[in-house]
Number of protein chains: 2
Amino acid sequence: MNLIDGVLQANPRAMARVMSLIENQDHQAREILKAVFLSTGRALVIGVTGAPGSGKSTLVDKLAQEFRSQGKTVGIVAVDPTSPFSGGAILADRVRMSTHYNDEGVFIRSMATRGHLGGLSKTASQIVSVLDAAGKEIVLLETVGVGQDEIEVVKVADVSVVVLVPGMGDDVQAFKAGIMEIGDIFVLNKADHPQVERAEKELLAALSMAERSDRWSPLMVRTVATRGEGVQQLIGHIEAFERYRQTALEIVEQRKARVERELMELLKDALFEKATRQKGVWDKIHAASQEIKKRRLDPYTAVDEIVKDLL
Amino acid sequence: MNLIDGVLQANPRAMARVMSLIENQDHQAREILKAVFLSTGRALVIGVTGAPGSGKSTLVDKLAQEFRSQGKTVGIVAVDPTSPFSGGAILADRVRMSTHYNDEGVFIRSMATRGHLGGLSKTASQIVSVLDAAGKEIVLLETVGVGQDEIEVVKVADVSVVVLVPGMGDDVQAFKAGIMEIGDIFVLNKADHPQVERAEKELLAALSMAERSDRWSPLMVRTVATRGEGVQQLIGHIEAFERYRQTALEIVEQRKARVERELMELLKDALFEKATRQKGVWDKIHAASQEIKKRRLDPYTAVDEIVKDLL
């Protein structure tokens, strides 16, 4: 079976192989993504982000179970070095089906968070496309909420769920500041914690200050993920946002921008690749870098010179 | 005074203004960086990275004091949302000279970790260049060690110092895995912790497994940053690495690759900018994105079509 058919038929080995090609930036990946692209766009991609220790992996686990019990197929992409799902990424066991998911309807993929030459969000987006093309109805994209790169990953999702816990202290205020504007739904997990009332008040205050370009008022839900409490309510919120998103023009526009951003990235790469295939360009780059190292030339002038002859 | 002269004369207001232009990707920034480039390459850039709570900000503080007492001028760039230095970044107080540094010889800049269109490491590298051009002899670049983007920032430094603490638990094993290959010097901070012996053993075991392309054997030092203990020894290690770096061909080659990487990034941006200035290109991009949204066209074919006419 070739890899394109394999992905379209949801063959786990073919999917895993294509995901590895994507992570390694193998030239075959581009051809496969191109071939399956018209079969994508059907999955609901749910981003779940939170600090280490917020219990987001447990929540992803419970969400997957719940969607499965509704008869939906599920893909999980874990982009989090501290996640039990992506533990495999570190241990080089890159495709791990946990015993819990002894179930053909769930495909789990962990991503290493380093070494992504083309950018973490591009790789994540392409891996999500594979799950989408394979017909997974729900894709859960788990990310740790620290760093610009991870926030870019969150933008890949249709719905963004941010997981917070009571009693987090000042250390994670920064995390909150970064993530407030991109969360569509906020989960207060470990809601059996004594400080949950206070945390809820703080969260509501923070949300009231966040500026959003759309008119969506983020929803909040308390959960105790370890016991599955609040998970159905969370799914209700996700469905509510999805209904809003399908009808709201602003959000549709935002999606368009997402497509355009991706197109821009591909265009940049393609231009660079084509330009550097022209004769003598690499020689110019190497010569320029020698001069720059000796501080006889600045890189800006060097680039101007190289580009002048190229377009 | 114009901004170029301002930077070269180490005027704090001019430096701060240029750094803001860089962060906003203002076109003026490019011209200024171009003009001051030949005055760079003299600073010793020391990267200090560690998990939140590892005490790296305190260590950066003590290192700055120690270098100041040696009569050296110091610049600090904090790329860490949890750092007290970059607290200002979140509170929109972007240039904060802490009371501690009521001292013209120290310039502190905090960087927001999000919204860097051109990439966090490029922005960090350009801000370091401003400090370098302004004649700062030592530049301390503080980063939180989570995420690919942050690891890219570490590569901007001449010397990489990784800060670890005893009793970190399994949560940060992932952090260690990501950072082991790029640290030149490892600091065990909070060395008055009872588990320091065990942590040191674990660290040595991890280091013995790390693969390095150069022949440097990473040095280790115990510190108690809050009391300044071990800071002079750390500086001794930094100096030892710097001597090695100046003589070791492998490392010099690595530096060249750094220049080439930067040149590549600039070239990509310049090619894209020039290409999209051509007539009708944006119309094609917008038209293609409409078709992609409707799943009537895939982005890879679209990019091939657009590039075909461009080079």
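Residues are numbered from 1 along each chain as its sequence is written, and chains are lettered from A and ligands numbered from 1 in the order in which they are written. In this predicted model local features need pLDDT of at least 70 and side-chain atom pairs count only at pLDDT 80 or more, while totals for chains, interfaces and linings use all residues.

**Exercise 1.** Describe how H2(A) packs on H6(A).

Step 1. Helices (H or I, at least four residues) and strands (E, at least two) are DSSP runs numbered from the N terminus. H2 covers residues 12-23 of chain A and H6 covers residues 120-133 of chain A.

Step 2. The angle between them is about 160 degrees, and their axes are 10 Å apart. Axes are lines fitted to C-alpha atoms, for helices over the stretch in contact, and angles run from 0 to 180 degrees between N-to-C directions.

Step 3. Angles under 35 degrees count as roughly parallel, over 145 as roughly antiparallel, 65 to 115 as roughly perpendicular and the rest as oblique. H2(A) and H6(A) are therefore roughly antiparallel to each other.

Step 4. Contact is assigned when C-beta atoms, placed from the backbone, lie within 7 Å. On H2(A) the residues are A:Met15, A:Val18, A:Met19, A:Ile22 and A:Glu23; on H6(A) they are A:Thr123, A:Gln126, A:Ile127 and A:Val130.

Step 5. The residues of this contact of H2(A) with H6(A) comprise six nonpolar, two polar and one charged. Here Ala, Val, Leu, Ile, Met, Phe, Trp, Tyr, Cys and Pro count as nonpolar, Asp, Glu, Lys and Arg as charged, and the others, Gly among them, as polar.

**Exercise 2.** Characterise the packing of H4(B) against H10(B).

Step 1. H4 (residues 56-69) and H10 (residues 231-247) of chain B meet at about 75 degrees, with axes 10 Å apart.

Step 2. H4(B) and H10(B) are therefore roughly perpendicular to each other.

Step 3. H4(B) contributes B:Lys62, B:Leu63 and B:Glu66, and H10(B) contributes B:Val231, B:Gln232 and B:Ile235. By class, the residues of the contact of H4(B) with H10(B) are three nonpolar, one polar and two charged.

**Exercise 3.** Give the strand order of the open sheet in chain B and name its edges.

Step 1. Seven strands are ordered E3-E2-E4-E1-E5-E6-E7, with parallel pairing. Strands pair if DSSP finds at least two bridges between them.

Step 2. The edge strands of chain B are E3 (106-110) and E7 (219-222), each pairing on one side only. From one strand to the next the twist averages 20 degrees.

Step 3. E1 (residues 44-50) and E4 (residues 138-144) of chain B run parallel and are joined by seven bridges. B:Gly50 is opposite B:Val144 in E4(B).

**Exercise 4.** How many residues of E1(A) are buried, and with which strands does E1(A) pair?

Step 1. Six of the seven residues of E1 (residues 44-50) of chain A are buried. A residue is buried if 20 or more other C-beta atoms lie within 10 Å of its own, exposed if 12 or fewer, and partly exposed in between; C-beta atoms are placed from the backbone.

Step 2. Seven bridges pair E1(A) with E4(A) in the parallel sense, and A:Ile46 has A:Leu140 as its bridge partner in E4(A).

Step 3. E1(A) also runs parallel to E5 (residues 159-164) of chain A, through five bridges. A:Thr49 has A:Val162 as its bridge partner in E5(A).

**Exercise 5.** Locate A:Gln25 and state its phi.

Step 1. A:Gln25 is in the loop between H2 and H3 (27-36) of chain A.

Step 2. Phi of A:Gln25 is near 50 degrees, positive in a residue other than glycine.

Step 3. A:Gln25 has 15 other C-beta atoms within 10 Å, so it is partly exposed.

Notes. Contact = placed C-beta atoms within 7 Å.
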